[in-house]
Amino acid sequence: MSAVLFDKQLIIVTGKGGVGKSSVAAALALLASGSGKRTLLVEVNAPDRASALLELPPFGDDVGLVGPNLWAVNLRPEQAMREYGLMILKFERLYQAVFENRVARHFMRFVPSLAELTLLGKLLFHMKETLPSGERRFEKIVVDAPATGHALTFLSVPEVILNTVPPGALADSASWMRALLVDATRTAPVLVSLPEDMPINETLELATALKSRVSMRPQAVVLNAAVPARFDAAELQSLAHAPALQDSARVHQVWAAQSADAAKRLAALELPLITVPRLHLPNYGRAAIESLAGHLRPLVERPR
Amino acid sequence: MNALGEAARKANVLVCVGPGGVGKTTVAAALALRSALEGQGALVCTIDPAKRLANALGLEALGNAETLIDAGHLAKAGLSPKAPMRAMMLDMKRTWDELIEKRAQGEARQAILGNRFYQSLSTALAGSQEYIAMEKLCELRLQRDYPLIVLDTPPTAHALDFLDAPNRILDFLDQDAMKWVLTPALKAGKAGLKLFNLGGGFLTKQISKFIGTQTMEELAGFMVHMSGLYESFRERARQTRTLLEAPTTRFVLVTGPMPERTSEAARFLELLKEHRLHVAAVVVNRVHQAPDDKLLAQAEALGEPLKTKVLTTLREQTQLAAQDAKGVAWLKAHCGAVPIVEVPRFDLDVHDLQSLATTGRWLWGDPSRSGPAPH
């Protein structure tokens, strides 16, 4: 497997709700920072998800150092809107006059997707930040993106704006954002799925929708919580004298078969596929994320 | 029969809410099927384009119209409902279009349907999917006479989106704000909505720095046309509110046993209570069941390599069940008096009629009759 995420600056982790997006994002951030890259882990309006998995305090509104080479931030729409407002209006007083006016706030809220645009703008701004030396401030940005439907809405915001809004400041912002998102040399969507029917369907649909609606090509798929095959037919047969045991073994094999089928269906995407076996740990915390990171390593690190 | 079964029999609307990825659509369909089997005709209105659910119900796909599930198809699975079951899938765009066509007349109708902002309102605006689900529910309740409607809801990123949806649409049409912004435009007449060139106030100038003058003009134009619908939207919001608060409307909060789902569910439950809505039950879906303790001793008697394989399998299954039990216990501690109904995880995804019927029996607290074994 080639390390498809090795040289990508922005990794966007998405998938159906409950498939383990935050875990995968946290694990990828650990890997990148562990390999010495200045890494930023981004949560979108969910301060306590990835942080709880990493056994860290909730991430704040401002970028903060949370580990060696690892920074984290929680993006909130209100905060992003405020920063965007200040950037354009330049003065706090002016900002307050406009944004604290009831009518103006009302109006701004209904400009389609303005909140999402500012959120995306803040995220992509971190891609462009540089250090005094001229190097990029963050070599790797890992986003724990919203679930499928919301992620598509989020990522298609520049597209929607460009189609809705006439040329002007807003359209200009949307335009540079879209350019960054569709740049496959810098940006890599990663899809997370589970070995069950609905999540797999959704993953396949999401891959298509990303391409057709936002011209983004997913670059890797993670099949989470897969069950490895364990019993062959003869072994199952030999348990016939103990029906309850046979039942347990049979259930295991049903799940394993589902996992194999899921892997086969995902293979149709012709993307690097990582299958992560289901973890059996008493608590799902940092140890689990580190174990997950071990499985994801081939995506991020080039073999020496 | 458990509390959920009782509630389902007395209710005429069940609203299934909860985080995404927990099997809400399946639970909604199972509740409708169960009601039909027990003699209360039911319609399930889903949001997901759940093709396999449609196939299980003997349909090619679910459409925007209520479709009767063929009794012959149900009979093939050994199911003989005492009342009809119907199913439909909500098509957002079409429902929005129908709504506008019904409420707006002539020129305004064309102006709205053709407006770029309408396109994004009906497909992309946060909360608009939630709103249209409520709208459809209201229409079905008021215009049809199904004994029971089971509504599946969109997986909400934020529970509030759902409960607030009617208010947000009203906000959008808020007349006070509208008057402020639009007065110059209205004075200028519809021919030229150059409101921000009419000496444009300080405020409008600042706003247009963000979104551009032309955008503001177009949006204002859209709002002028939409504002004519304010009264009918307000009336509908009131009806929706009344319907949701009615004692015959019950909420079913569906969740999974994993910690991130249970905490979301608890937050959702708080909100439902704050809004004084009636919660029939919290359904914990797909709970792993622990294998019997005696099985470990039995497995010890096996020869290798089978023994290790079976022991590993039993230990894994015990651990999964223990984790889920922790989740259920946490929920019990956080849900007060609201009944909790557990549905076990079955071998396979629930996508055939029999599994749907079995799920329905568990939901009603009557899992005794035969069906696929839970695990």
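Reader: How are residues and chains numbered, and what limits apply?
Author: Residues are numbered from 1 along each chain as its sequence is written, and chains are lettered from A and ligands numbered from 1 in the order in which they are written. In this predicted model local features need pLDDT of at least 70, side-chain atom pairs count only at pLDDT 80 or more, and totals for chains, interfaces and linings use all residues, while side-chain values use heavy atoms, with hydrogens and water left out.

Reader: Is A:His252 buried or exposed?
Author: A:His252 counts as buried because its relative accessibility is 2%. Buried means under 20% relative accessible area, exposed over 50% and partly exposed in between, with a 1.4 Å probe and protein chains only.

Reader: Where is A:His252 placed, and what is it in contact with?
Author: A:His252 is placed in helix 12 (residues 243-267) of chain A. Helices (H or I, at least four residues) and strands (E, at least two) are DSSP runs, numbered from the N terminus. Leaving aside neighbours within four places in sequence, A:His252 is in contact (heavy atoms within 4.5 Å) with residues including A:Phe231, B:Thr313, B:Glu316 and B:Gln317.

Reader: At roughly what angle do helix 10 and helix 12 of chain A cross?
Author: The axes of helix 10 (residues 197-214) of chain A and helix 12 of chain A cross at roughly 10° and come within 10 Å. Axes are lines fitted to C-alpha atoms, for helices over the stretch in contact, and angles run from 0 to 180 degrees between N-to-C directions. Helix 10 and helix 12 of chain A are therefore roughly parallel to each other; angles under 35 degrees count as roughly parallel, over 145 as roughly antiparallel, 65 to 115 as roughly perpendicular and the rest as oblique.

Reader: Which residues make that contact?
Author: Helix 10 of chain A contributes A:Asp197, A:Ile200, A:Asn201, A:Thr203 and A:Leu204, and helix 12 of chain A contributes A:Ala262, A:Arg265 and A:Leu266.

Reader: Changing topic, why does B:Lys24 count as buried?
Author: B:Lys24 counts as buried because its relative accessibility is 6%. B:Lys24 lies in helix 2 (residues 24-37) of chain B.

Reader: What lies 2.7 Å from a polar atom of its side chain?
Author: The backbone oxygen of B:Gly18 lies at that 2.7 Å distance from a polar atom of the B:Lys24 side chain.

Reader: And chain B overall, how many helices and strands?
Author: Chain B has 17 helices and eight strands, and buried residues make up 56% of its 375 residues.

Methods. Polar contact = N/O pair within 3.5 Å; in protein donor to acceptor, adjacent residues only side chain to side chain.
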